[in-house]
Amino acid sequence: MLTRREVLTLPFAAALAASCRREPPPFDESAFTVPRRSAVGLFPATSYDAGLDDVIFRGLAELGVDVRGKSVLLKPNMVEYEAGTAINTDPRVVAGAAIALKRAGAREVVVGEGPGHRRDIEYLLTATGLFDRMRDASVRFVDLNHDAVREVPLKSWFTGMRSLSLPVSVLAADLVVSMPKLKTHHWAGLTCGMKNLFGCVPGAVYGWPKNILHIHGIDQSILDLTATIRPGLTIVDAVVGMEGDGPIMGRSRDVGFIGIGTDVVAVDATCARIIGLDPEKLTYLFGGGRYLGQSDPRRIDQRGENPDRYRTQFDVIDSIKERRLAG
Amino acid sequence: MASLLEKRLLDAVRPDGGWGYYAGQASRLEPTAWAAMALTAGADAIKIGVRRSAMTRLFSAWQQGSGLLLDPGSATPNVGFSGLGLLAMNALAVPATDSVSARLRNAVVAAKGIQLQGDGGPIKQNTMIQAWSWIDGTFSWVEPTAWCLLSLKKSATRDAAATARIGDGEAMLADRVCQPGGWNYGNSNAFTQDLRPYVSTTALGLLAMQDRRSTPAVARSLAWLEQHALSELSSMALSLAAIALTVFDRPADKVLDALRVNEEKTASLDNAHLMAMALYASTLTVHKARAFRM
């Protein structure tokens, strides 16, 4: 029987660091290459009414993202609805991305989400306004909690699991775009492009929340999901973020940009530093930087605005304070 | 609305007699159980008989060695949906002596969420109570507990083991009641913050605790639902709210009106599970929620 403390401390950095260093590592080394350099773009957006399709379209062009002829699945972060809060990826960012990607030549764009907390997706779609935004943008919704599933081998196995059932719509898409809201997270420290992939795990198979992921370690699950799904593009809603007791009970915090990049680790590491968190102290980002993507700021090329323009310190709960950047 | 929903649901039936969540998808446990209940609520014996044989044939194929039902496509049986399946078998008058039904009931009795030693963590709940989890090896949650608890309470046979598990389920739901009444999905408080109840989980909790309606937690939860039933506009929330209110002999007219309006807007996302819920709720005046009523 596990104690509460054992469950909570499973994912801590030391354990993962040790497993990253051990021989052989819990992934096929030949299947992963950390890019020598990755680009992350930060594009100003101080309001959700500011022509976000144009912002994202320009960002895609500046980063040289080629989506011509591809089927694209946009994976926003839809968790819970509470008026006036910053829990979810704003539907206007999702619609803006859909329009921009179509304009950039994507063959098909769909929005897919499988909330891990609130299983009532119909309520979430209508209450947040995403239902109307998708209809206006002529974009279809795929319910990832109830999509047809296929069992696939995991590409890394920090969790100890060797396979998971995943939605066929995620597996079949040419390009999965992680579209997180920039938020603090009371267990993982930060929820951004990588953590957002929890919503790809089907609730109709594993239940709500995706408890199997918590049991096997949140950080470990984030790594195995990212390694397996490999989102090819990340678009972060950092127009307004969430600080404090995220991902649901925190406070809204104006930030003012849309973050875009093809390397989800580089995007998450950049966003972490902007809000005052140290990627090396965020277990999954520490691990991800060793095999999934680039987390070294000296090897991340910044496009658009300089990160210093947005640098701030998000409030965090006490247990996360030790993961802040020094100084 | 009911006739249109019935037609759409019948159009969506798979060749094997079950339903997938969405058009063209293979049959799954949850939509099949709900569709079977919705299409037979208030129906004649012949219709029920046809639906019963199709459903039991599928459930027999899906039943694992443990007795739980394996949702096709999944690698692990879903305990909560197995409880729902047992409830559907009861609703379609499958005899308790039927081998699939009997093995399923025994498996629901045997299934248990894992236990955690409480050591002052940030989640305030009694983690020693073992009710029902979604899948084996995970924690107990309100929804699977409510389905399994209700299905056992509705079962014709009740031995000592089932009685004990009913006690576990009731203890878990009593422990997780939110401060104003009603239920969240799991906890009522985390990181010192009270979590809020939801309509669908509150309705499910009430259905599972309908024989304990004089207890203060249940009375408070019913009052919360009566006040907030229209706060979440969706087929799932409105249908479950209407069913629970009907079972507690409270008026559900306004909720059903809202369900009609919502259906015109979203068409239940063309999800057979949601359509079946809406169909069952929209015919409540005929069948009085017999499948859920103790």
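Pro247(A) is found in the loop between strand 11 (233-243) and strand 12 (251-261) of chain A, where helices (H or I, at least four residues) and strands (E, at least two) are DSSP runs numbered from the N terminus. The peptide bond that leads from Gly246(A) into Pro247(A) is cis, with omega near 15 degrees. This is a predicted model, in which local features need pLDDT of at least 70 and side-chain atom pairs count only at pLDDT 80 or more, while totals for chains, interfaces and linings use all residues. Residues are numbered from 1 along each chain as its sequence is written, and chains are lettered from A and ligands numbered from 1 in the order in which they are written.

Chain A has another cis bond, from Trp208(A) to Pro209(A), with omega near -5 degrees, and Pro209(A) lies in the loop between helix 8 (203-206) and helix 9 (211-215) of chain A. Most residues other than glycine have a negative phi, and most peptide bonds are trans.

In chain B, the loop between helix 11 (253-266) and helix 12 (272-282) holds Leu269(B), whose phi, near 55 degrees, is positive although the residue is not a glycine. Asp270(B), in the loop between helix 11 and helix 12 of chain B, also has a positive phi, of about 60 degrees. Leu269(B) counts as buried because it has 20 C-beta neighbours inside 10 Å, the cut-off being 20 or more other C-beta atoms within 10 Å, with 12 or fewer for exposed, partly exposed in between, and C-beta atoms placed from the backbone. Asp270(B), with 14 other C-beta atoms within 10 Å, is partly exposed.

Turning to the interface, 40 residues of chain B are in contact with 31 residues of chain A, contact being C-beta atoms, placed from the backbone, that lie within 7 Å. Helix 10 of chain B gives the largest share of the side of chain B that touches chain A, three residues.

Key
Contact = placed C-beta atoms within 7 Å.
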